[in-house]
Each structure stands twice: as C-alpha cells, then as structure tokens.
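This report covers a predicted model.

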Amino acid sequence: LYFKMPFVDVIERFPDTILEYDADPEEVLLADKKVLTVDNFAWWRIRNPLLFRVRVRTEVAARGVLDDLIYSSMRAELGQNDLMEVIRTTNRYVSPDRVEQIEDLDIEPMPRSSARQERIERGREQIMETVTARSNEAALAQYGIEILAVRIKRADLVAENMQAIFARMEAERERISRAYVSEGQKEANILRSETDREVQVLLATAEKESEIVR
C-alpha cells in the first residue's frame, strides 16, 4: 500500500478517453513536384501515463509533440507519392450509364476508351495507414501517446498548381471536342455525298422520262 500526504503528494489525473487533434494546414511537396496544402486531424490517447507525465506533462504540450511527429511522417510519406495517389482511393471505374442523372437525359454517354485512365498503386487510405503506423511507433516509444488514426480533412493545390491542372483539363476537353467535331464532319461529308448521288440519279431519271414523253 502507498499513502499520500495531504498538500505534499498531489494526485495527477490524465484522461483515459480518445482525444482529437486538429492540425493547422501545412504545405507538402509531392513526388510529382506538386505542392499540396494538407489539413489533417488525428485521434489519440494516453497509453503510458508515467512516460507522458515525464516527457509531455499536459495535453496542450502534447499538441506540439503531435504537430512534429505527424507532420514529419506526413511529409515523408506524401513526398513519395504522386497527386493521384493522394487524392484517390480506388481504380474502380463508374460508367456514366449507371448514373441516374445521366440516364434521365437524352445524352449518349462518352465511351470509356475516350477518357484518360490514371491507375493508382496504393491510394489515400493505404498512405494514411502508413502515416498512422509511423507516427504511432514514434509517439508511443518516446511520449507514451498512442495515435489511433491520422486522416486528411482537406487537401488543396496551391494557386500555381491549380492553374496547371486547369490548363491540362482544358486541353483534354478540347481534344475530346475536336474528336467529336471531326467525327461529325466525317458523317456530314458522307451524308452530302449520298445526297448528291441521289440528286444526280433523280435528275438523270427525270431527264430520261421527259425525253421519252417528248
């Protein structure tokens, strides 16, 4: 048994619940040289109260610890992946004919072959699981903090990269538009040729019949 002396020995209590950490947005350089402003959050809890008391002391100080650990892991992991890996989670293709809004319109869906498909190897979920594991390993060993999950709340491109993305999107739409225009011109030329041929046949037949009547 251990006894506490009033006014000499003080009992310090730490929460045994899951706590939330909300980070400030930070810029991260990706593998494809794009800069992404990432706003992330995490769930954590105090796993080793004694180590937490010695190394961190308070929940307010724990925020600074989590800032360093999570951001360093986030920067290292995202820096090894391209933009598509960070923003996408699956390679599943959703066909336009399965979308109710498209079905209600009298519009022929664009064929899948005309869309540019960029496949991913890992995706955002696996990347964040790796970030969580790396952050948790360091936090648990050094500060007695268990990091349960790290997630991206919002990710925005900086202005320069956004302009580049928009320019690429415009170029892609223009390419598709030119393909449709070219196909339409081809069909129009075929229709004109057939119509001209039918007109010539009709004129020749009428001329022949008029000569017979005369």
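## Backbone, strands and core

Arginine 57 lies in the loop between α1 (49-55) and α2. Its phi is positive, about 85°, although arginine 57 is not a glycine. Phenylalanine 7, in the segment before β1, also has a positive phi, near 70°. The two residues are listed below with their accessibility.

| Residue | Phi | Relative accessible area | Class |
|---|---|---|---|
| Phenylalanine 7 | near 70° | 87% | exposed |
| Arginine 57 | about 85° | 49% | partly exposed |

Strand β1 (residues 19-22) has Leu19 and Tyr21 on its covered face, with Glu20 and Asp22 on the uncovered one. Four bridges join β1 to strand β3 (residues 35-46) in the antiparallel sense. Alanine 42 in β3 is the bridge partner of tyrosine 21.

Helix α2 (residues 59-78) contains 20 residues and spans 27 Å between its first and last C-alpha, close to the expected 28 Å. Its buried residues include Ala62, Leu66, Leu69, Ile70, Ser73 and Glu77.

The largest nonpolar core has 32 residues, of which Trp44, Ile70, Leu78, Ile145 and Val150 touch the most other members. Two or more residues come from each of β1, β3, α2, α3 (83-87), α5 (124-143) and β4 (145-157). The largest share, seven residues, is that of α2.

Beyond its neighbours within four places in sequence, tryptophan 44 is in contact with residues that include Leu19 and Tyr21. Among its other contacts are Phe52, Ala62, Leu66 and Ile145.

Terms used: Residues are numbered from 1 along each chain as its sequence is written. This is a predicted model: local features need pLDDT of at least 70, side-chain atom pairs count only at pLDDT 80 or more; totals for chains, interfaces and linings use all residues. Side-chain values use heavy atoms; hydrogens and water are left out. Buried means under 20% relative accessible area, exposed over 50%, partly exposed in between (1.4 Å probe, protein chains only). Two strands pair if DSSP finds at least two bridges between them. The expected span of a helix is 1.5 Å times one less than its number of residues. A nonpolar core is a set of buried Ala, Val, Leu, Ile, Met, Phe, Trp, Tyr and Cys residues joined through side-chain atoms within 4.5 Å. Contact means heavy atoms within 4.5 Å.
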